[in-house]
Amino acid sequence: MGPIIAANWKMNLVKDQVVDWIDKINQSQALEQDVSLIVCPAHCYLTMLQGSLTWGHIGCQHVSEHSEGAYTGGHSAAMVKSCGAEYAIVGHSERRHIFGETNADIKAQLRQCHDAGLTPILCVGETIEQRQSGQFESVIVDQLSVLSSQPNPIIIAYEPVWAIGTGETATPEQANDAHAFIKQHVDNKSPVLYGGSVNASNCEGLLSMPSIDGALVGGASLKPDVFSDIMRISSTLIEA
Ligand code: PGA
């Protein structure tokens with residue numbers, strides 16, 4: 001398996017843009033066949049991707065901690081699975097900080113993913129204040145504690161909060177050190193993706209590092225040409 005390159009569209013793109021995106025990425029298949037592609041759109045586009053994306057995998061950006069019922073606006077893991085998702089982003093820092101999700105919520109979401117047969121992409125990462133005050137390790141260990149009863153395969157994404165959407169990336173060495181720490185903590189059982197302002201110019205440096213298995217790409221995944229460039233560059237860097 002080559003590098004895992006996941007697109008996190010967040011709350012972006014309208015339908016016509018999604019049609020164009022899928023069209024362009026479908027055409028790029030021959031070039032990027034060594035990449036494991038995971039596209040995570042807003043929930044309303046899942047079935048569109050299911051019907052028209054000719055390669056790669058589909059993920060969602062969030063699942064409810066509940067399995068079904070009177071939770072207006074919610075999406076259950078079983079629902080997104082039935083619309084084509086195989087993966088689910090869990091614990092993204094925007095969900096933690098904007099929506100106030102706690103480790104208890106994240107644990108419940110992981111349980112829902114497990115029950116529905118979705119592979120979680122668990123996001124962890126420290127704020128700049130936590131990094132500067134030497135709390136990096138304790139923050140990451142606390143965020144990884146939700147995995148204690150997680151029996152199934154999982155992907156981890158290391159996304160330093162200070163690098164998300166800011167244009168400021170962790171250096172390849174900083175990211176590699178963080179990944180090595182995470183991998184050791186989970187007994188090397190999970191691939192670890194880097195996320196935080198990944199683009200076509202910095203992906204080579206990051207994905208050349210030994211402990212970086214792929215990327216979770218936000219802003220730069222919205223433009224199919226740029227995202228294709230990221231996949232093409234990455235496909236040459238990580239071997240099976
Ligand atoms: P970014 O977002 O690439 O825009 O920094 C990454 C993410 O939040 O997953």
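An oxygen atom of the ligand is placed 2.6 Å from a polar backbone atom of G165, and the protein covers 96% of the 280 Å² of accessible area that the ligand has on its own (Shrake-Rupley method, 1.4 Å probe). This is a predicted model, in which local features need pLDDT of at least 70 and side-chain atom pairs count only at pLDDT 80 or more, while totals for chains, interfaces and linings use all residues. Residues are numbered from 1 along each chain as its sequence is written, and side-chain values use heavy atoms, with hydrogens and water left out.

**Exercise 1.** Describe the residues around the ligand and the side chains that make polar contacts (N or O atoms within 3.5 Å) with an oxygen atom of the ligand.

*Solution.* Begin with the residues around the ligand (a heavy atom within 4 Å), which include N8, K10, H92, E159, G165 and S197. Next, divide the shell by residue class, which gives 3 nonpolar, 7 polar (Gly among them) and 2 charged residues. Finally, turn to the side chains: a polar atom of H92 lies 2.7 Å from an oxygen atom of the ligand, and an N or O atom of E159 is 2.7 Å from an oxygen atom of the ligand.

Definitions and conventions:
Polar contact = N/O pair within 3.5 Å; in protein donor to acceptor, adjacent residues only side chain to side chain.
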